[in-house]
Amino acid sequence: MTRVSQYLTLAAGSAVVLLAAAKSAAAPDLNACTRTTHISHGGEDGHRDLSAGRVMYRVWWSQEGTYSDYVVAECATGRALVTRAAEERMRARLPFDRTPAVTRVLERHAQRDPIFFDLDRLADDLAHTGRDTRIEMPQAEPCACAAVYPQAGAAWTPYAETAQ
């Protein structure tokens with residue numbers, strides 16, 4: 001091997017290492033995903049890696065009414081299940097807090113082998129526990145997906161472009 005080809009090989013290897021480091025530096029840490037999204041009255045917390053390309057977190061709101069939604073996102077497909085666990089003064093319906101029941105269902109599903117974990121089954125189990133349970137295709141990448149599964153491949157706007 002000539003000296004020039006040795007330098008080129010070394011430079012190419014260094015570029016790969018630097019690129020990998022830059023990508024991991026650009027991805028947020030899962031703990032950094034807890035954030036206030038609307039000054040003092042809305043945010044996200046409780047981010048968890050459920051393994052096999054899935055994450056979970058809570059979205060909350062508390063201005064002239066409150067709610068707490070749980071989101072389970074599939075980072076590769078871009079699908080997300082959203083269920084309302086608690087609400088007060090957000091709509092013309094009675095307040096409710098089903099957080100303990102909702103979290104029990106979510107925990108039971110999170111403990112399943114990834115082969116048996118399915119958003120549609122989870123939605124069925126939450127049908128009479130959470131409220132307004134739905135499966136949607138969010139436009140923006142959740143912070144937890146960017147942190148834990150940055151190369152997952154869903155077709156959404158990257159978290160780095162939507163972060164506040």
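In the predicted model, the axes of helix α2 (residues 99–110) and helix α3 (residues 119–126) come within 10 Å and cross at roughly 155 degrees, where axes are lines fitted to C-alpha atoms over the stretch in contact and angles run from 0 to 180 degrees between N-to-C directions. Helices are DSSP runs of H or I with at least four residues, and strands are runs of E with at least two, numbered from the N terminus. The two helices α2 and α3 are therefore roughly antiparallel, a term applied to angles over 145 degrees. Residues V102, V105, L106, R108 and H109 of α2 meet R121, L122, D125 and L126 of α3, contact being defined as heavy atoms within 4.5 Å. By class, this contact of α2 with α3 comprises five nonpolar, one polar and three charged residues.

Residues are numbered from 1 along each chain as its sequence is written. Because the model is predicted, local features need pLDDT of at least 70 and side-chain atom pairs count only at pLDDT 80 or more, whereas totals for chains, interfaces and linings use all residues, and side-chain values use heavy atoms, with hydrogens and water left out.

W60, which lies in strand β3 (residues 54–62), is 16 residues from E44 in sequence and 6.3 Å from E44 in space, C-alpha to C-alpha. Leaving aside neighbours within four places in sequence, W60 is in contact with S40, H41, G42, G43, E44, D45 and Y67.

Methods
Parallel < 35°, antiparallel > 145°, perpendicular 65-115°, else oblique. Nonpolar A, V, L, I, M, F, W, Y, C, P; charged D, E, K, R; others polar.
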